[in-house]
Amino acid sequence: MPLRPQRKNYEVRAHALAEIPVLPREVSHAQAGLKDYYASLAAALGPMRWWPARTPFEVIVGAILTQNTAWSNVERAIENLRRERLLTFAALERVPTAKLQRLVRPSGYFRQKARKLKAFVEFLRNQHGGSLARMFRTPTSELREQLLGVHGIGRETADSILLYAGNHPVFVVDAYTHRILERHGFVRGKPDYEGARKLFESQLPRDTRLYNEFHALIVNTGKNWCRKREPRCADCPLASFLPPNSPLRLHVSVPLSELAAEARP
Ligand code: SF4
């Protein structure tokens, strides 16, 4: 997943709030809704400007290549493809698989990923005549089902394609999303992708800009604060929303009321 550098300069808030959808905020306590989480993250971190790509086709290539690897590796693979002018449907359809494997090698699992890219262009050819515009005119739920039927495209990749390349209102869920939901008491037990997606979509307006920004903010929070081991709750913009009985509150060394106030513009 692409990651913008962590922002700790709260001076950017006014600029950020002018550019991205901001929901009304209410209270900051353990039972706050997801819109409150969004408002705090947006205020603290500013606009993420995802997805870092020049075209919708490049978004799709990036969404496939980013599986199981760091975004910095994807960037190297994308740069290889760009240099060879392969970031179009027609070029990717024509390129020999062996050459494609060599070019996407920096992103890891290069044989599998080359096969997945080829599977996507084959799907685009067969189902939509090679036209992304035509593909994205398909109703959201129908297109989601089609994408999930393509080799190598799972839920997170399909939803990233729908949202970031096609502007369809689908919330993208990843491991960071599950972790934050679980640590804040929204869910329990094994990660449930569809359950988490529906939770966000039921609590938020169907707004693609909002979904775009919120998922990017969650990824940023996960990478910078909500780590699997030793989460950095004391500095996290979401610290004020930790449930009262959470053991992670022990990580917060200053009064939560002060953290909540700091996270506000
Ligand atoms: S780091 Fe702590 S406060 Fe931040 S999201 Fe994770 S659990 Fe919540």
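Helices α2 (34-45), α11 (175-183) and α13 (208-224) each contribute at least two residues to the lining of the second largest cavity. Helices, numbered from the N terminus, are DSSP runs of H or I with at least four residues. The structure is a predicted model, in which local features need pLDDT of at least 70 and side-chain atom pairs count only at pLDDT 80 or more, while totals for chains, interfaces and linings use all residues. Residues are numbered from 1 along each chain as its sequence is written, and side-chain values use heavy atoms, with hydrogens and water left out.

The volume of this second largest cavity is about 50 Å³. A cavity here is a set of points, on a 1 Å grid over the protein atoms alone, where a 1.4 Å probe fits but cannot get out, and lining residues have an atom within 4 Å of a point. Grid points are joined across faces, edges and corners, and a volume is the space filled by probe spheres set on the points. Among the residues of the lining are Leu34, Tyr37, Thr177, Phe200 and Leu238. By class, the lining holds 9 nonpolar residues, 1 polar and no charged. In this scheme Ala, Val, Leu, Ile, Met, Phe, Trp, Tyr, Cys and Pro count as nonpolar, Asp, Glu, Lys and Arg as charged, and the others, Gly among them, as polar.

Across the whole structure, the search finds 2 cavities of 30 Å³ or more. The lining of the largest cavity divides into 10 nonpolar, 2 polar and 1 charged residues.

Aromatic rings come next. The whole structure has 12 aromatic pairs, where rings of Phe, Tyr and Trp (its six-membered ring) pair if their centres lie within 6.5 Å, and planes under 30 degrees apart count as stacked, over 60 as edge-to-face and the rest as tilted. Tyr37 and Phe186 form an edge-to-face pair, because their ring centres are 5.4 Å apart and their planes stand at 70 degrees. Since Tyr37 lies in helix α2 and Phe186 in the loop between α11 and α12 (193-203), the pair ties together parts that are 149 residues apart in sequence.

Leaving aside neighbours within four places in sequence, Leu199 is in contact with Leu34, Leu181 and Phe186, contact meaning heavy atoms within 4.5 Å. The C-alpha atoms of Leu199 and Phe186 are separated by 8.9 Å, and the two residues are 13 apart along the chain.

The loop between α2 and α3 (56-65) contains Trp51, which a cis peptide bond joins to Trp50, with omega about -5 degrees. Arg49 lies in the loop between α2 and α3, and has a positive phi of about 55 degrees although it is not a glycine.

Methods: 1 Å grid on protein atoms, 1.4 Å probe; cavity = no way out; pocket = protein on both sides within 12 Å on 5 of 7 lines; lining within 4 Å.
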